[in-house]
Amino acid sequence: MAEYYLQTKDLAVGYQGKALIHDINFGICKGEIVTLIGPNGSGKSTILKSITRQLRLVGGKVFFDDTSLTNISYKELSSRMAVVLTERIRTELMTCHDIVATGRYPYTGRLGILTAEDERIVDEAMAAVHAQEIGNRDFNAISDGQKQRIMLARAICQEPEIIVLDEPTSYLDIRYKLELLDILKRMAKEKGITVLMSLHEIDLAQKCADRIVCVRGEEIMAYGTPEEVFYEETIEKLYDLDNGSYNPLSGSLELKKTEGEPEVFVISSGGNGTPIYRKLQREGRPFAAGILYTNDVDYQAARVLASKIITEEPFEEISDNTYKNAENMIDQCQIVVNAGVHIGSCNHRMRNLLQYAQEKGKLKRDYL
Amino acid sequence: MQKEQKQTESVSFHSENFKRRSRYTVVFLGLLAAFFVIIVLNINTGNVHISVPKILRILFMRDGDAVEYSIIWKIRLPRILMAAILGGALSLSGFLLQTFFSNPIAGPFVLGISSGAKMVVALAMIIFLKHIGHFSSGVLVLAAFIGSLLSTGFILLMSRKIQHMASLLVGGIMIGYICSAITDFVVTFADDSDIVNLHGWSLGSFSGSSWSNIRVAAVIVAVAAVWTFLLSKPIGAYQLGEHYAQSMGVNIQLFRILIILLSSILSACVTAFAGPISFVGIAVPFLTRKAFGTSKPIVIIPGTFFAGAVFCMSCDLIARMALAPVELNISTVTSIVGAPIVIYMMVKREKGR
């Protein structure tokens with residue numbers, strides 16, 4: 001137990017004493033990034049709010065370094081834990097520097113006057129989030145991305161052992177998302193600050209978190225390293241995905257495939273087919289894909305987008321049976337698209353297949 | 001190169017800091033100057049004109065013409081001091097309520113704290129005049145206090161159930177309406193002579209301030225104001241919202257009760273001694289923030305107190321002099337000066353969005 005910096009034990013959280021989620025058990029080591037993922041309204045925020053003490057715990061315990069959360073005073077907690085909340089703050093006549101400086105609150109005296117040392121720490125925190133140049137600007141006059149960085153600088157300024165962030169990447173464009181996560185990663189690895197946050201972007205969670213907590217309904221559905229958690233079935237169950245698919249390998253989301261008898265047969269390899277699959281999907285035309293080796297990049301996309309798919313084992317000669325299936329598919333479809341296929345010694349029969357399509361007058365070079 | 005840039009950055013921070021401090025100093029000095037000019041103007045003007053050298057002589061040497069001496073010491077000086085103390089208290093109370101509700105239009109008048117006082121004063125006045133036959137100023141002060149705290153109590157009770165600040169603000173306004181309705185109801189069944197008294201009081205005035213009243217008001221206001229100043233650090237944290245404040249170690253429950261109690265004590269004190277005075281609580285903190293260019297409580301708390309004092313003294317001067325020898329009620333003047341400021345401020349806010 002001592003190895004964890006923060007640990008929950010049979011934690012139950014909710015509002016007004018009613019548990020929304022119960023039996024929450026997870027542990028975070030010092031300097032780790034732990035991310036809560038789950039659908040909207042699944043209770044990610046509720047868990048975070050309970051740990052930051054905005055909500056009373058309904059049951060169970062939260063331990064910081066073996067000390068129970070309920071035994072820590074607000075004042076003591078403030079020097080250990082800083083937060084970045086989803087709620088947008090409304091300020092009047094406060095510069096970004098003023099906002100960041102409020103992070104020094106637990107360390108300043110009765111009237112909150114900053115010492116030179118405090119000022120230095122404020123400057124450092126601003127530098128850590130690359131926000132020095134906006135220090136003098138009014139907080140209301142900066143962009144959402146900058147605001148989020150300022151709130152993070154404020155949290156860093158509090159010199160906490162753990163930073164809790166509730167959906168810090170909402171409102172941010174992809175550039176700022178990456179930048180924010182990069183800053184958090186540096187904080188965690190260089191300064192040993194523990195990071196606990198909730199994220200909407202599961203692909204980012206997969207890439208930046210040391211551990212993932214999947215929150216769904218009344219309990220924690222899964223908990224572990226991204227490698228342990230990120231399976232297609234887990235994610236699809238977590239988000240009740242019946243209208244599309246998530247590919248843990250590429251981190252890409254695809255819309256639901258168009259079912260039905262294929263109208264178009266796309267022949268491709270090495271990723272050439274994927275843009276055409278997507279286009280056909282957008283047009284709502286059912287299509288077939290082939291002949292794909294199951295280790296081909298196109299296979300990953302075709303699997304979730306094509307209504308029919310003709311495959312072959314990697315690096316094997318194309319078998320008679322597979323070839324026959326492909327020929328039948330050409331007969332059945334109105335159009336055959338050659339999106340570009342690399343032909344080598346293993347798949348030399350593709351040449352014959354393309355020729356067959358040509359003879360039938362169905363072959364098109366370009367669909368896009 | 002980067003280091004160089006960093007250095008200029010930190011230099012610009014320091015120069016910015018210096019600029020800000022200079023601005024605070026200039027504004028404070030300006031307020032101080034205005035404070036003294038208005039004191040002199042106030043004492044100096046009136047039906048009996050007294051020249052400045054004579055004033056100084058009477059004030060500091062306690063020597064001079066007996067009539068002028070008593071005009072200054074018994075009428076004008078207590079009145080101007082009362083205006084200063086209560087003006088400061090009123091705008092400080094407004095500032096606290098605006099912080100509490102994180103809404104710039106919150107104020108003791110808007111929230112029904114003044115209406116609560118008026119209601120209890122009306123009830124007390126009618127009961128006392130009917131059964132006892134007289135109505136002393138001590139009872140009036142007490143009634144106003146009870147009324148103010150009653151309204152505050154209701155707001156605090158509501159705040160346990162209503163978490164959303166805007167709804168709570170509306171709740172406060174509703175309390176104001178209920179109190180006004182009850183007052184009107186009571187007044188309908190009261191004798192005309194009683195109503196004259198109530199009407200005079202309810203428009204507010206600093207006239208007739210006695211030294212003993214000033215002593216009581218000064219002590220209450222001083223304690224509340226110093227206490228508020230000592231709370232400037234948590235108030236600053238609270239400006240980021242209660243959740244952030246809590247994460248910085250502020251005990252929110254206690255802090256909120258403290259803030260609303262302090263503000264209602266301040267406004268109760270004003271209502272008790274001068275009647276309900278409108279608009280000062282909204283307009284002055286707003287103007288102060290704009291003048292200082294910051295909302296840091298450590299600057300704004302003393303600043304708004306000072307500015308409130310100057311504002312009320314000026315309004316009192318206008319009340320006395322505008323249509324002399326007829327004296328206007330203080331609320332008439334504060335409304336005429338204050339209301340346009342509130343309108344301006346709302347228009348400006350919309351523009352800023």
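Guide: Let us begin with confidence. pLDDT is the predictor's confidence in each residue, from 0 to 100. Helices (H or I, at least four residues) and strands (E, at least two) are DSSP runs, numbered from the N terminus. This is a predicted model, in which local features need pLDDT of at least 70, side-chain atom pairs count only at pLDDT 80 or more, and totals for chains, interfaces and linings use all residues. Residues are numbered from 1 along each chain as its sequence is written, while chains are lettered from A and ligands numbered from 1 in the order in which they are written.

Visitor: Over which residues of chain B is the pLDDT below 50?

Guide: Residues 1-8 of chain B fall below 50, and beyond near neighbours in sequence this stretch has 0 contacts in the model. Two residues are in contact if their C-beta atoms, placed from the backbone, lie within 7 Å. For chain B the mean pLDDT is 84, with 94% of its residues at 70 or more. The predictor gives the complex an ipTM of 0.83 and a pTM of 0.84.

Visitor: What joins strand β1 to strand β2 of chain A?

Guide: Two strands pair if DSSP finds at least two bridges between them. Strands β1 (residues 6-15) and β2 (residues 18-24) of chain A are joined by 4 bridges and run antiparallel. In β2(A), Ile21(A) is the bridge partner of Val13(A). The two strands form a hairpin with 2 residues between them, and Gln16(A) in the turn has a positive phi of about 50°.

Visitor: Why is one side of β7 and of β11 of chain A left without a neighbour in the sheet?

Guide: The open sheet of 6 strands in chain A has the order β7-β8-β9-β4-β10-β11, with mixed pairing. β7 (81-84) and β11 (219-224) of chain A stand at the edges, each with a single partner strand, so one side of each has no neighbour in the sheet. Within this sheet, β4 (residues 33-37) and β9 (residues 194-198) of chain A run parallel and are joined by 4 bridges. Thr35(A) has Met197(A) as its bridge partner in β9(A).

Visitor: Why are α5(A) and α6(A) called roughly parallel?

Guide: Axes are lines fitted to C-alpha atoms, for helices over the stretch in contact, and angles run from 0 to 180 degrees between N-to-C directions. Angles under 35 degrees count as roughly parallel, over 145 as roughly antiparallel, 65 to 115 as roughly perpendicular and the rest as oblique. Helix α5(A) and helix α6 (residues 174-191) of chain A pack at about 10°, with their axes 10 Å apart. The two helices are therefore roughly parallel. Residues in this contact include Leu152(A) of α5(A) and Leu180(A) of α6(A).

Visitor: What makes Ala288(A) buried or exposed?

Guide: A residue is buried if 20 or more other C-beta atoms lie within 10 Å of its own, exposed if 12 or fewer, and partly exposed in between; C-beta atoms are placed from the backbone. Ala288(A) has 24 other C-beta atoms within 10 Å and is therefore buried. Ala288(A) is found in strand β15 (residues 287-293) of chain A. Leaving aside neighbours within four places in sequence, its contacts include Pro262(A), Ile309(A) and Cys333(A).
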